[in-house]
There are 2 protein chains.
Amino acid sequence: MSARVLVVDDVLPNVKLLEAKLTSEYFDVLCATSGEEALSIIARTPPDIILLDVMMPGMDGFEVCRRIKADPRSSHIPVIMVTALDHPRDRVTGLEAGADDFLTKPVHDVALFARVRSLVRLKMLTDELVMREVTSQSLGFRPDGPIMNAGEIEDAFILLVEDQERSANRLAEAMIPVGRVELDLTGESALERATAGGHDLVVISLGLAAVDGLRICSQLRSIEETRHVPILVIVDESNSRELMRGLEIGVNDYLVRPIDRNELVARVRTQVRRKRYAEQLRKTAHQNYRMATTDAVTGLYNRHFMTSHLETLLQNAEQSGRTLSVMMMDIDYFKRINDSYGHAAGDQVLRDFAQRISRNIRGIDLAARFGGEEFVVIMPETDTDFAVMVAERLRAAIEQEPFHINTTTSQAVTVSLGIACTAGHPASLESLIARADAALYQAKNEGRNRVVVARD
Amino acid sequence: MSARVLVVDDVLPNVKLLEAKLTSEYFDVLCATSGEEALSIIARTPPDIILLDVMMPGMDGFEVCRRIKADPRSSHIPVIMVTALDHPRDRVTGLEAGADDFLTKPVHDVALFARVRSLVRLKMLTDELVMREVTSQSLGFRPDGPIMNAGEIEDAFILLVEDQERSANRLAEAMIPVGRVELDLTGESALERATAGGHDLVVISLGLAAVDGLRICSQLRSIEETRHVPILVIVDESNSRELMRGLEIGVNDYLVRPIDRNELVARVRTQVRRKRYAEQLRKTAHQNYRMATTDAVTGLYNRHFMTSHLETLLQNAEQSGRTLSVMMMDIDYFKRINDSYGHAAGDQVLRDFAQRISRNIRGIDLAARFGGEEFVVIMPETDTDFAVMVAERLRAAIEQEPFHINTTTSQAVTVSLGIACTAGHPASLESLIARADAALYQAKNEGRNRVVVARD
């Protein structure tokens, strides 16, 4: 995947060299020769990834990185620091500033493109979750967006797969500040453990004797449960072909032996942070979905969702020539419950009522709270006779067992139901709902606690 | 990126051959030897991509594909049909059945992996939008999800970049049934045209004389505005290296000259369909976000959003040692407006009121409707003095200009405001809101239309 890359270096020939390399691989390249210029470009034209020189006069690369990561508008953009000196201490400083990876000058093409592609791929995924393009138009920058590098990681759960026992113990011990480590000393049960779940990171040695470490990586990426768990591989210096393959498969980061403990800790924290950030975004999206579609009191779908879904179902029904039925119901004398026992008790009855609906309909049916004490069930591919059967069963289920008001009080409740079917009628949302509503009204008028079918 | 691939073929050696190839590239492979078996595997263990043989006894590949694409639970899974006969008519039948691409037996490795990787990458992106994993736990399959291949495409807007005029005219004419075609006869303004927007697809010839077609593709992928527009390239048979590079960059589909008109139309429709499906998902996610976070009457943030956002801001304020102020306000005698003019007029006043708030606060402030006629403004990095100044300005802006009730009637409105600042207090959400609320109460008691600061 192509992407927009920002190259930051105070030495112009360095900028030009990276620009040429990246352009020849069909990346779109922006350049800056100082930290200040970089920050102003990022604010104006956010890139997909940033290659950032460490040693610059004025604001150095570490400080630029810190500022990028502290701003919610840019904290999600991956930063690769480019260093002339390859000292673990520099790498740790960079990781602590929020850098996602490092390249050592002179920059090797294979490593450069592998890292850029892998980080761009990750960013594209989170971009979909952040919904930058849509929210930036309407709401300005998204003020509830989590910030990538907020908070220290001390409670991670890490699966370590390493069959050299001494190395395994050293690694496990080094990771104690980050959290809890589960150890797999052969790799044979790695997949099983990872699927059992809850890990924030899987650390795998690629030199396992019993199994192919890359195979474990590819399976972790293929299985739904472990797809989003970051993978950090440990490789020998000689093993760069395997490493490149790993990055292609979806490995997120790597460490080359001999391993610097501080760098290990810093890289583990970066991965866990990134994972939790994406998790947070997914959770928010899910919560938004729930809040927008369900009724807070009963947990059923809300009216808005029900009508938009019914619209779609009616189109499908018309295309396929199948009938669809709608059941509209209203709890009899519900106001008396609220008046006698208060609103909390009323809500409890609504919840209990919603549960009885859910238990008495099929998986393909959709139940919604229409408002107040009114509920609707949409039954796709259902004719009037079947709908009446379901309605009668539901009516009986409500009548037969009193509703608990509190530990000592119960209250008998009944429901009136109106049914309308698309058969022989134009499949219009309004007319279907209106007919079901009229049938419900008739059921109320004829004495309640009964099912009436719209007949016209 | 690794992924789970389902291989469907009734001839076992064919299955085994593809399985071996894909496994050696670290894909996770499932196998089926009939259409029925394939459908049952898909229902149980949804793959990321399906390689589907056309010629099978019983249910043939076209029918299997139709069923996969008609089911909302599987319509988003890409299907590559594998055919022994390479006839345009077969390809068109397959595309009309919803297939995403074709491979001809014997299957070449490079083409196989390029196609699989490109489609898997696309699927991973839409997966984030579909939120399959989260919704499948709580709500069952997502009943409002759009179906990929619903509806015929006749209103697409296509940008065609081709400098051979005869070919350009032939292509443009062939695409008439699909929609409107904008023609770029050099490629030099392709990017500009595409950025201007609104295209459902860009069709680019890779043999342009004036510019490098691949460069246009990579720029389209790098620019935010065109990132999600599908690209279909037209290549000469000899040009397979360039094609592979294109797929790597993010080209979505291709056609090899000489071009079959029906296949062109079918491929164009597939791409447009896929694009609109992803657009629909993004739109839904955005709507969910709005509905979950904003108040429907005023368009301001809602109480739920405000409190969760305030929580975050308080943490930031505590860490940075900066003060944060909260302004709570309540429209004076609002009930009288509702009683005199009705609820519609009351809502109009609330909307107008919200707009005056928005006009009188800074970009970093956040305004929310707290409920009823009560509003809250959160002011980060703000001390009491500044907050009072903003509050006074806002109070005056409300008082000075009467609110329009309808074309002939206006109504003078005033507001009472309470202010609380974190300075010298523990940064707790509850206490901050309670103190602002108490100040507001005092403002009401002291005669309304005034600003009171919480003093304790």
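A charge is said to sit over a ring if NZ of Lys or CZ of Arg is within 6 Å of the ring centre and within 35 degrees of the ring normal. With that in mind, select A:Arg180 and A:Phe157, where the charged end of the arginine sits over the phenylalanine ring, 4.0 Å from its centre. Then move to A:Arg356, which lies over the face of A:Phe403 at 3.7 Å from the ring centre.

This is a predicted model, in which local features need pLDDT of at least 70 and side-chain atom pairs count only at pLDDT 80 or more, while totals for chains, interfaces and linings use all residues. Residues are numbered from 1 along each chain as its sequence is written, chains are lettered from A and ligands numbered from 1 in the order in which they are written, and side-chain values use heavy atoms, with hydrogens and water left out.

Chain A holds 16 helices and 17 strands, where helices (H or I, at least four residues) and strands (E, at least two) are DSSP runs numbered from the N terminus. Its C-alpha atoms fill a box of roughly 90 × 50 × 45 Å along the principal axes. Of its 456 residues, 55% are buried, buried meaning under 20% relative accessible area, exposed over 50% and partly exposed in between (1.4 Å probe, protein chains only).

Next, select A:Leu22. This leucine, together with A:Leu51, A:Leu112, B:Leu22, B:Leu51 and B:Leu112, touches the most other members of the largest nonpolar core, which has 45 residues; such a core is a set of buried Ala, Val, Leu, Ile, Met, Phe, Trp, Tyr and Cys residues joined through side-chain atoms within 4.5 Å. Leaving aside neighbours within four places in sequence, the contacts of A:Leu22 (heavy atoms within 4.5 Å) include A:Val5, A:Phe27 and A:Phe113.

Rings of Phe, Tyr and Trp (its six-membered ring) pair if their centres lie within 6.5 Å, and planes under 30 degrees apart count as stacked, over 60 as edge-to-face and the rest as tilted. Here the centres are 4.9 Å apart and the planes at 45°, so the pair is tilted. A:Phe353 lies in helix α14 (residues 343-359) and A:Phe375 in strand β13 (residues 374-379) of chain A, so the pair ties together parts that are 22 residues apart in sequence. A:Phe353 is buried at 0% relative accessible area, and A:Phe375 is buried at 0% as well. In chain B, B:Tyr301 and B:Phe305 form a stacked pair, 4.2 Å centre to centre with 15° between the planes, and both residues are buried.

Finish with the backbone. A cis peptide bond joins A:Arg257 and A:Pro258, with omega about -5°, and A:Pro258 is found in the loop between β10 (253-256) and α11 of chain A. A:Arg448 has a positive phi of about 70° although it is not a glycine; this arginine is found in the loop between α16 (429-445) and β17 (451-453) of chain A and is partly exposed, at 26% relative accessible area.
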